Amino acid sequence: MLSTVVLYSFAYLLLLSSSLFLFIFLRRLVIQARERRDRAAYEVMEKDLLEVLTAPSPIASAHVFARKHRARPRVLKRVLVAYREALVGNCLEPLKTIFERSIRRRCLRELGSPFLATRLQNVRLFVDFSRPEEALNLVKLLHDKPIVRLAALNALTGIASRDTLGQIFDLFEKDPQPNLYAYSNIFYCLGPRIEPFVRTSLDKTLPPEKTGLLIEMSGRLLLRGLYPDIVFYARHADRELRIRAARALGHLLVPGSVKTLMALAADPAWEVQAQALRSLGSLQDWQTVPLLVKGLFSPHWHVRYNAGFGLAALGLVGIVQLQEVSRQQEDRYAADMAAMVLDTVVLTGGAA
């Protein structure tokens, strides 16, 4: 009885192994055959595309090319991606025509493919070939894998018309669970052109995390036209928004913001105090020296730390004050922080 069970088990394993090896062998044959067909089709397409690019009427030739090769979308996408990355300027117009006349709709559908390689290949085509109304499809990819997010950012930057920017900000405002990191990347890539849209959004009642991101971007992109809006949020009831406003004012470096930052340095929240003192140091206004010295005697480590480097940013005047605080014996924590900042200035030239 036992020998019969062993025999049947051996036969089953042998059959299973043989089937597996046969499947792998046949699959490999199929893949190799497909690769040979694709390689041959790629060579034909490449030859025809070069003729299109050198034809007297490239756009008319592109229409003919699209009709001829639209039946091989997988190979056509490879050709277009390769030449999109190699060509610039008006040379891209025939490629755009081919894309529009052959595989554009298919590529839009495949942006939602479960396969990473498929999504990436398709989004690369939209870097130069996308339309403004397709911005929403690309924004959704900002939640994808890093490599897909990067390609989507490149595509969005290339179609950043006024209508596209309006659609992006509308989506940002309505998004119930925004990926703030992804939105910060796209806003930063779009640059100062987003200023009017940021102003409009700041005038609306948005969740604090969205408003905070807009305030942060105002500072990072040096959107000084938004200075009045930032000052308004410096008096906001939300602590995080006051912190973001203090940080943005430190980037904008508007002299008139000294008064606002001095008020924030006396904020009830120590987190706001710390950021306000650091920004005051960036403004390098000598009238803030007493306030920065006072910050060194704060019971909160971060407040002392930012006050110390705020003084260091003032140059010789601040260094003298740090030396005096480091020698006093009334508050050893203030003395230790002043000494640490002085050591850092000596070793790194003032980098915190």
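Helices here are DSSP runs of H or I with at least four residues, strands are runs of E with at least two, and both are numbered from the N terminus. By that rule, Leu 253 sits in the loop between helix 14 (239-252) and helix 15 (258-264).

The model is predicted: local features need pLDDT of at least 70, side-chain atom pairs count only at pLDDT 80 or more, and totals for chains, interfaces and linings use all residues. Residues are numbered from 1 along each chain as its sequence is written, and side-chain values use heavy atoms, with hydrogens and water left out.

**Overall form**

The protein has 20 helices and zero strands. Its radius of gyration is 31 Å, whereas a compact globule of 352 residues would have one near 20 Å. That radius is taken over C-alpha atoms, and the globule rule is 2.2 Å times the number of residues to the power 0.38. The C-alpha trace spans about 85 × 80 × 40 Å along its principal axes.

Contacts are heavy atoms within 4.5 Å. Among contacts with a separation of 6 or more, 65% join residues 24 or more positions apart.

**Surface and charge**

Accessible areas come from the Shrake-Rupley method with a 1.4 Å probe; for residues, only the protein chains shown count as cover. The accessible surface is about 19300 Å², and carbon and sulfur atoms hold 58% of that. Buried means under 20% relative accessible area, exposed over 50%, and partly exposed in between. Of the 352 residues, 45% count as buried.

Lys and Arg count as positive, Asp and Glu as negative; His and the chain ends are not counted. Each charge is placed at NZ of Lys, CZ of Arg, CG of Asp or CD of Glu. The 46 positive and 33 negative charges have mean positions 9 Å apart.

**Helix 18**

Ten of the twelve residues are buried, so helix 18 is largely enclosed by the rest of the structure. Among the buried residues are Arg 304, Tyr 305, Asn 306 and Phe 309.

**Two loop residues with positive phi**

Leu 253 has a positive phi without being glycine. Gln 284 does too. Gln 284 lies in the loop between helix 16 (270-283) and helix 17 (289-295).

| Residue | Phi | Relative accessibility |
|---|---|---|
| Leu 253 | near 55° | 40%, partly exposed |
| Gln 284 | near 55° | 49%, partly exposed |

Note on methods
Buried < 20%, exposed > 50% of the residue type's maximum accessible area, 1.4 Å probe, protein only.
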